Amino acid sequence: MASPAAARTNLNLVQTVLRLLDALFWSLLLSLRGALWVASRPIARQPTGIASGKTVLVTTGRQAKTVHVIRALKAVGATVVVTDYDHVSASAVSTACDHFVVLPALNVDELDAWVDTFGKLLVEYKVDMVVPVSTINEALFLGVARDRLSPKLPHVKWLCTGLDNVLRLDDRERFSATCRQYGVPAPASGLVTAREQVPPSSSQPHGIIVKRMESSVNRNEEIVPVAPGAPLPAVVKPSPTDAWQWQQMIRGAEYSVWYVCVNGAVTFSACYASQPDLVHFDAVPTPADVDTPLRALIRGMHLSGQYAFDFIRDEESGLPYVIECNPRASSILETVSCTPLWGESFFGVDVSARRTTQDVGFVYHANCWPWTARTEGYLSLTDPLPFFAAEIAWPLHAIQTAGLGDAGYRKIDVNICKIIIDGPSAPRNIGAFENAAQAAKLTVLRRALEFVNTVYIDAAVPNVAAVVAVATEASCTPLLFQLGGQPVGTAVSAALPPIQYIATPEDLGALVATSDKVAPTRLLLSDAASVACGFDAELTFLAPRSCVTPYTYFRIPLRRLKVLHVTGSCTSKYYETVSAYYAFDCISSTTDDVRFEHIVGYVHISGEWSVAAGKDLEYLREKAPRLSLAEALAELESLSVDLMIPHMFDYAGLTAYRSLFTILDVPTVGCSGEALALSTNKARTKACAAMDGVPVPASELLRRGDTPTMPLPYVIKPTEEDNSMGVDVVREEADVPAALEAAFRFGDEVMVEQYIPLGREMRVAVVETSAGGYELLPIVEYFLSAENPIRKSTDKLTTDASGQPSGFAPVERKVPADVDPVLKEKLYKMAVVAHRATDCSDYSIYDVRVDPAGEPYMLESCLYCSFSFRSVLVLMANAAGKKHPQLFVEFAERAVGRKSAAVAARARGGSGPQEFGMKAMSR
């Protein structure tokens, strides 16, 4: 028998030979790849297809599924960049790979540096889309990268979800709760951090199965079945830092279904029967009783990317049970990769009708040709080198680098190019990622509490001490509570505020309602309390909505809100310029707020759109791609905007464009298109207001050819024009024809209105409160003269020689105006009645003339605001102590909250704000 020293010498010799073979063979493959590239250049054709001109980055290049993905992307015209963590990677020698980059190792201690490197890579290669084909660990890193880089690189589309959703889907118990939320059938389950928390196996008809949360492929040691009455095996060792999940045992065949989805819409899918060896992926039809609820989950979470869901068909009842989710690509895609142009699925095209299947195996595992009729998983006659890289080069490389263990050479899986190590799976330090996800939410929470007096905090929220500290930093009073029997986290200490015990969600709602009537109040719930209050199983931030019975809430996402600013004009260069001025003033004054990500939808005179984030006005006007309306809406859908701020001032912008987003179910700040359609017609607005008792000047409506019958003096104005265009005071009969001609330039109807002698000229505004009432903002008074007794367009905007706006005119005004209590009460009642009469939302503004006797008359309504620092509504709010951008923040939260409240109501069986009639909402 050889001595230990001799054995080590022999081993070293073997390792040296393997190292040489590895280097030589890989060098040969690289040389062949270079030769193929040179040989193909003369016959290469210009890329065509849906991805032509786009650069797509694909991760984890060594896997078979990655090779199939990059070939599919190349077939639809993409330039493909591939990343991996070692130079020996099958994709590196593929003809479908245009650029190959080795990334730093996935080390959670270097997470920030990894994200920074990934971001630089996106910039260097001008990447348009990221399509991860991730490992179990890389999915977490990419979730962080997406969250951090999206605001900096808003043009990049990510076919993956953010970190919070990755954790929600990857964590088995959180995923089970998510399944229950969306009606996906799932077995009974629970989280355990100690052996005594595992329920008796006899509590379920067929026993239980206990799974380590960190388990991957080592099923024997980390996925442990326990028969009814059997003791819990010693290998099950849950702890607070190494949690396990117990699950009801379901006996039957196991399957996995994989989806490609874009913005919540499934574009491709496949299903296979799971095999113990993990290298057989034979396609089977996807059953409808699994497919339908999973599509609902994907749609409800608005997922983009690739997701695989494992399920078991119960052998007794025949019912399916979804047991876990893998938020990344699945090897089943190899069996459907023969589908023509399936790479289009990554760009939102549903290719399901073209689905074609093939049986796949691997030479290394002896489960393909020549042993069976299966197709080899890497081999392609037009792209042969990945076969040699995966079946020969990678095993050589793996064996001589990491393939040798104490018990000999480890198992190699060439499908995913992974060495299978016996024993527990290496931990991924999930806690670090959970901390990263919470840190991002706390950053947003800090700004969300900036204008809030009190926040009720569920004592069970993770890291409650940090949450309390954030509230304190925001000068907001934190109050801790425990809801019902919900457990309280171990982080609660005597140094924190005392915990108030609240029995029911109804009691909690009443408490928050009472507080909010005194000062702005918010509510922060843990996962469990969120479910108890009728929301998703996640950290939930709520604003009270006491104008509804029973008492409900607005839900405010703890992430950056994507705000779409719709600006420009399809009819007038004048209004296009005015709109852009105000829109970009709004963006510039809120751009440093971590709560908002700004996107601009710019409407050109041609009716075409340009959509961009983080771009300036010149780019949008002159350089941005021009899109049709249909293309623009598709682009906006892909961006998943949370709300829309309308900045368009022409008639179509005030009405049709607003209504378009109502149809699309995108929350809009301010009044509806229907309300604006009324308010832009001065005669009809006055008629509606007067019918409810609002004092207005006497008037008559003229059409072309009509003459006024009212006594002079009076005001002539177009009925459907803004900015005082075409308005004039007529005192002499001789001046009537010219005034009529000027007014009729703007439309076929003109209003002749009683002239109210100059007393005071004011602007009055009311805003809706969370309690369902109205707040009168400080009033603006404009100082006019006998020579210029009304405000004209030249008093608002200056123009250049061509008549286009060039700036804002100087103005003499005072805010807050000096108003006595009697007049203030009259103005308040006038504004509230007019607001209701014309069906306004959020806010409304009115031009008011006060005659010398102190009686107010409503002249016009103004139902729009751009939330620029120049906007009169913002000026009024500043005078009330709401410093810009507080009003913008309040209305943005309210708009998003209106939709969340309607969605929550429908989830509980209602239909939103209205259940019956033409305005009932079923979506």
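What follows is a working chat about the sheets and helices of a predicted model.

Me: Start with the sheet that has β7 in it. What is the strand order?
Reply: This is a predicted model. In that sheet, four strands lie in the order β6-β9-β7-β8, the sheet is open, and the pairing is antiparallel.

Me: Which strands stand at the edges there, and why is one side of each left without a neighbour?
Reply: The edge strands are β6 (189–192) and β8 (223–226). Each has a single partner strand, so one side of each has no neighbour in the sheet.

Me: How many degrees does the twist average?
Reply: From one strand to the next, the twist averages 20 degrees.

Me: Which helix packs on the sheet?
Reply: Helix α6 (residues 172–182) does, and it touches β6, β7 and β9. The direction of α6 makes about 150 degrees with that of β6.

Me: How many bridges between β7 and β9?
Reply: Five, in the antiparallel sense, between β7 (residues 208–212) and β9 (residues 244–248). Arginine 212 is opposite tryptophan 244 of β9, and lysine 211 is opposite glutamine 245 of β9.

Me: And how many bridges join β7 to β8?
Reply: Four bridges join β7 and β8, which run antiparallel. Valine 210 has valine 224 in β8 as its bridge partner.

Me: How many residues of β7 are buried?
Reply: Five of the five residues are buried, so β7 is largely enclosed by the rest of the structure. Ile208, Val210 and Arg212 point one way, Ile209 and Lys211 point the other way, and all are buried.

Me: What pairs with β3, and over how many bridges?
Reply: Strand β2 (residues 79–84) pairs with β3 in the parallel sense over four bridges. Within that pairing, threonine 83 has valine 101 of β3 as its bridge partner.

Me: On to α4. What span should it have, and what are its end C-alpha atoms doing?
Reply: Helix α4 (residues 138–149) has twelve residues, which at 1.5 Å a residue should span 16 Å. The end C-alpha atoms of α4 are 16 Å apart, which agrees.

Me: How many of its residues are buried, and which?
Reply: Nine of the twelve residues of α4 are buried, so to speak mostly covered. The buried residues of α4 are Glu138, Ala139, Leu140, Phe141, Leu142, Gly143, Val144, Ala145 and Leu149.

Me: What do they pack against?
Reply: The buried residues of α4 pack against α3 (111–124), β5 (157–158), α5 (163–170) and α10 (430–448).

Me: Since α10 came up, at what angle do α10 and α11 cross?
Reply: The axes of α10 and helix α11 (residues 464–473) cross at roughly 25 degrees and come within 9 Å. The two helices are therefore roughly parallel to each other. The crossing of α10 and α11 is right-handed.

Me: Which residues meet there?
Reply: From α10, Gln438, Leu442, Leu445 and Arg446; from α11, Ala466, Val467, Val470 and Glu473.

Me: Which strand is joined to β28?
Reply: Strand β27 (residues 561–568) is joined to β28 by eight bridges, and they run parallel. Leucine 564 is opposite isoleucine 599 in β28.

Me: Last one: what do β10 and β11 form?
Reply: They form a hairpin with two residues between the strands, and asparagine 263 in the turn has a positive phi of about 55 degrees. Strands β10 (residues 252–262) and β11 pair in the antiparallel sense over eight bridges.

Methods. Residues numbered from 1 in each chain as written. Predicted model: local features only at pLDDT ≥ 70, side-chain atom pairs only at ≥ 80, totals over all residues. Heavy atoms only, no water. Pairing = 2+ DSSP bridges. Axes fitted to C-alpha atoms, helices over the stretch in contact; angles between N-to-C directions. Contact = heavy atoms within 4.5 Å. Expected span 1.5 Å × (residues − 1). Buried < 20%, exposed > 50% of the residue type's maximum accessible area, 1.4 Å probe, protein only. Parallel < 35°, antiparallel > 145°, perpendicular 65-115°, else oblique. Left-handed = near helix turned anticlockwise from the far one by under 90°.
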